[in-house]
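Here is a brisk report on one protein chain.

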Amino acid sequence: MKIVFIVNNRKNRMAYLRRVELYCQKVSPGSAQFLLTLRKKHAIQLAKQAAENNCDYLIAVGGDGTLHEVINGVFQSNLPSNLYPTLGLLPCGSGNDFARTARITNSIEDLMGMIKSKSIQKTDLGKIILHQTRETRYFINIAGVGLGAEVVQSMAQSKSVFGPAFNYFWHILKGFFQYNKKEVLCNGSDWEWKGRLLQMAIANGRYFGNALCIAPDANLSDGQLQLAIFGDLSIWDYLKNLGRLKKGVKITHQQVHYQNAREISLHSNEPCSIEADGEYVGQLPATIRVLPRAISFLSPSGLS
């Protein structure tokens, strides 16, 4: 058995990483390899190489962005999908929103227990195709169009000493005053939405933005994506409903819409950004579709 851990290399993570290494040596000597990232997107390269070197388990150690890179690295490999390694996560990032949906902890004991018991679930992914560049990107949690993508770019260029929750909230507030809502056309197989868009979440998981449950009905293995469309909302509407979002309650408002889809197309005549798993992807137009049961993922039993 070969387990490869791809670690988002941060100084404040080294003590935790050492404990993980010691535990692996104790329960499964010689089976674990640890690869540390040196730069942004390095995890893509490391994951591609690890997959092609026939590892059995590939574990992201970090947050949603690290997991995003690991998944995209696997899909860039030369392997057929039936030979992909089983993926896993030790969540220790700033947001850890996917881990909330998947009920995954940062316990190495829990992780190794899932490996030993083969607690594995076939999990859906989202696939983004950017029309202009023909670039393809995969996501496991949520893709966002509009304000959320602008917030992702803004946060990447700033630092905060007040923690991720405040940082995200602050950038959202700034975004409300700076962001010009774009006219967006979204087509599903049997429905269409068009209007001024504040934010759209195309969701496989339920949470984004550090614990905001924007898609309470999303399911990781039902072969569908849930869309939460926030149209021409004001900052006051957003603030009034913030508590409901945190509790996972759907918003009842004429400018808020929920849809399920297996594939959507997105167009705008204005520059409109898209992000995936908290990572900037590019600009519309784009096609987004679900890939049912695309990967095997280490998950607690009974996950839905």
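## Cysteines

A disulfide is counted here when two cysteine sulfur atoms lie within 2.5 Å. The model is a predicted one. Searching the whole structure by that criterion turns up 0 disulfides.

Two cysteines illustrate the result. Cys55 has its closest cysteine sulfur in Cys24, 14 Å away, which is too far for a bond. Cys55 is also buried, at 5% relative accessible area. For Cys272 the closest cysteine sulfur belongs to Cys186. That distance is 11 Å, again too far for a bond. Cys272 is buried too, with a relative accessible area of 0%.

## Overall form

The chain holds 8 helices and 18 strands. It has 304 residues, and 57% of them count as buried. Its C-alpha atoms fill a box of roughly 55 × 40 × 35 Å along the principal axes.

The radius of gyration is 19 Å. A compact globule with 304 residues would come out near 19 Å, so the chain agrees with that expectation.

## Helix α5

Helix α5 spans residues 108–117. Its buried residues are Ile108, Leu111, Met112, Met114 and Ile115. These residues lie on the same side of α5, because they cover an arc of only 155° around the axis.

What do the buried residues of α5 pack against? Their partners are both helical and stranded: α1 (14–27), plus the strands β1 (3–7), β3 (57–62), β4 (86–91) and β18 (286–298). The face turned away from the buried side carries Lys116 and Ser117, which are exposed. Lys118 follows the helix and has a positive phi, near 55°.

## Strand β5 and its partners

Strand β5 covers residues 120–130 and is mostly covered, with 9 of its 11 residues buried. It pairs with β18 in the antiparallel sense, over 10 bridges. In that pairing, Leu125 stands opposite Leu291 of β18. Strand β18 also takes part in the packing against the buried residues of α5.

The other pairing described here is with β6 (residues 136–139). Here 4 bridges join the strands, which run antiparallel. Ile128 has Arg137 of β6 as its bridge partner. Together β5 and β6 make a hairpin, with 5 residues between them. In the turn, Arg134 has a positive phi of about 65°.

## The six-stranded open sheet

An open sheet is built from 6 strands in the order β14-β13-β10-β7-β16-β17, with antiparallel pairing. Which strands stand at the edges? They are β14 (256–261) and β17 (279–283). Each has a single partner strand, so one side of each is left without a neighbour in the sheet. Neighbouring strands are turned by 20° against each other on average, direction ignored.

Within this sheet, β7 (residues 142–146) sits beside β10 (residues 199–203) in the strand order. The two pair in the antiparallel sense over 5 bridges. Ile142 stands opposite Ala203 of β10.

Methods:
Residues numbered from 1 in each chain as written. Predicted model: local features only at pLDDT ≥ 70, side-chain atom pairs only at ≥ 80, totals over all residues. Heavy atoms only, no water. Buried < 20%, exposed > 50% of the residue type's maximum accessible area, 1.4 Å probe, protein only. Arc of directions from axis to C-beta. Contact = heavy atoms within 4.5 Å. Pairing = 2+ DSSP bridges. Axes fitted to C-alpha atoms, helices over the stretch in contact; angles between N-to-C directions. Rg over C-alpha atoms; globule rule 2.2 N^0.38 Å.
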